[in-house]
Amino acid sequence: MIDQRKCIGCHACTVACKEENRVPLGAFRTWVKYVERGSFPETRRHFAVLRCNHCDNAPCVTICPTVALYRRPDGIVDLDGARCIGCKSCMHACPYDALYIDPASHTAAKCHYCAHRVEMGLEPACVIVCPEQAIIAGDLDDPTTTIARLVASEPVQVRKPEQRTRPKVFYVGADTAALTPRLQQPAASYMWGERPAAELDLVRMVASAPMTDVDGPRSRPVYDAPHAPRPWGARVSAYLWTKSIAAGVVLVASLAAASGALRGAAVADPLVMVVAPLVSVVFLLLTTALLVLDLKRPDRFHYILLKPNRRSWLVWGAWILLAFGAAGGVWLAAGLLHLPTVVSAVTVPASLLALGAAGYSAFLFGQAEGRDFWQSSLLLPHLIAAALVAGAATLIVVDAAWSPWADLCRAVLAVGLVMHGALVGVEVLRRHRDHDAARAARLLTRGGYARRLWVGVALVGTAAPLALLVVGTASPSATLDVVAAILALAGLWLWEDLWVKAGQSVPLS
């Protein structure tokens, strides 16, 4: 429990934590944030001691693919750095910004309640060093302990109770605005230091889309620890795009094979036999490479398979991609060996696995519970629509514009673009129930990402290719089809990039 009525903002807890646990420069496991409210001379400074909340329902434990994060029987959420692959998913799952990547080990790290001291019957370092005894630790399940009595008798609050993580850090006498980022006006500078350039870029981005649903003047942070802006970057955006292509070409080729079977034609066209599975395998390999390269410890990527956490959708995604790759490999081999019967037999399981490969990311991002914008029920159908757009567009560029399946690919691309455009519109324009999700959407519609969304995604990436397809219907032209397909692929990539960035642009702490 943190008694903010006693805290004097001396940072003794921060220094003790860094010394006890050898926390490197630039990283913090517990830190003190200064927040000021009011207009001079009627101003007041509030302190907020922030750290891991050791949640009973810790989302970081659920999403961690290698059980590097786990909840001990005594309630401490601990981390085994020897198992961590540096995927950064825990940083997005935690609503409290409590995890960071250690610059020395390149693995995740966080407050572990000084577990090595607790096991010896000692209190955490931050507790014993606090000069005001403002930090109180103990067993909440034992009603005779000081912390249990205080939590039961004092008006306590926790950070972000709406996340339903059941946090185990309680605050007494804390200013609500100091604990709630949405009640704070982003600040570009601090009292005694400069913010990193990447953080300044993020502050300006958030300031470009001000919200008006906060009653009264917001507080202003005047001192804070640095935080990693947007841990998932261009590789994650590209992974979503390449995965859509890998899954989409199989879905479109399966439709072509089914269409041929309905007409009583044998599956013998090169697009179905070789081109589609070859493109799928190539882009699946690119997807795998992007996922591995995005890890801070790529040398441990195999831990996902050898030390899996079966509750994590990172693990399920790896299994789905492996099975999908195997099906694509069989399809390609059968096509190269001119075995149409085998190709016909493998199209159904391959298309089902393609749907799984395209859609599993919806559940993965859903486990990133710290990012409210990603908690959308529209994400799964949107990923399927993106796969249809990517698959049809890629096949048009590679082969289908001059093949017997040109009409089918054009039709699938048109349907996919309509679905994609509609889902983008609903996602960014609908009323969001969460403030952070609403702010992320506002960044896309009215903030720093607005021009790229409306011009790049809506106009160039969706409306223009649809118009070209309509023109091509009246007077068929392979060139128009290819241009439409390229624009659709570019618009899809831009949307994936904006969606990933916007979801990470709203501060967690």
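These legends describe close-up views of a predicted model.

**View 1. Helix α17 and its bend.**
Helix α17 covers residues 450-474, 25 residues in total. Its first and last C-alpha atoms lie 34 Å apart, close to the 36 Å expected at 1.5 Å a residue. At Leu459 the helix α17 bends by about 35°.

**View 2. The buried residues of α17.**
Buried residues of α17 include Ala450, Leu453, Gly456 and Val457.

**View 3. A three-stranded open sheet.**
The strand order is β1-β9-β8, and the pairing is mixed. Strands β1 (2-3) and β8 (156-157) each have a single partner strand, so one side of each is left without a neighbour in the sheet. β8 and β9 (residues 171-172) run antiparallel and are joined by two bridges. Gln157 stands opposite Tyr171 in β9.

**View 4. Two nonpolar cores.**
The largest nonpolar core holds 93 residues. Within this core, Leu413, Leu444 and Trp499 have the most contacts. Helix α9 (residues 234-262) supplies the largest share, 14 residues. A second, separate core has 24 residues, among them Cys13, Trp31, Tyr171 and Ala225.

**View 5. The surroundings of Trp499.**
Which residues does Trp499 touch, not counting residues up to four places away in sequence? The contacts are Leu240, Phe365, Phe373, Trp374 and Leu379. Trp499 and Phe365 are both buried.

**View 6. Aromatic pairs at Phe365.**
The model has 11 aromatic pairs. In one of them, the rings of Trp232 and Phe365 have centres 5.6 Å apart and planes at 80°. Angles over 60 degrees count as edge-to-face, so this pair is edge-to-face. Trp232 sits in the loop between β10 (220-223) and α9, and Phe365 in helix α13 (residues 340-367), so the pair ties together parts 133 residues apart in sequence. Both Trp232 and Phe365 are buried. Phe365 also forms an edge-to-face pair with Trp499, at 4.9 Å centre to centre and 75° between the planes. This pair links helix α13 to helix α18, with its two residues 134 apart in the chain.

**View 7. A cluster of aromatic rings.**
Four residues make up this cluster: Tyr34, Phe47, Tyr190 and Tyr223. Ring pairs link them.

Note on methods:
Residues numbered from 1 in each chain as written. Predicted model: local features only at pLDDT ≥ 70, side-chain atom pairs only at ≥ 80, totals over all residues. Heavy atoms only, no water. Helix = DSSP H or I, 4+ residues; strand = E, 2+ residues; numbered from the N terminus. Expected span 1.5 Å × (residues − 1). Bend = angle between axes of the 7 residues up to and from the residue. Buried < 20%, exposed > 50% of the residue type's maximum accessible area, 1.4 Å probe, protein only. Pairing = 2+ DSSP bridges. Core = buried A, V, L, I, M, F, W, Y, C linked by side-chain atoms within 4.5 Å. Contact = heavy atoms within 4.5 Å. Phe/Tyr/Trp six-rings, centres within 6.5 Å; stacked < 30°, edge-to-face > 60°.
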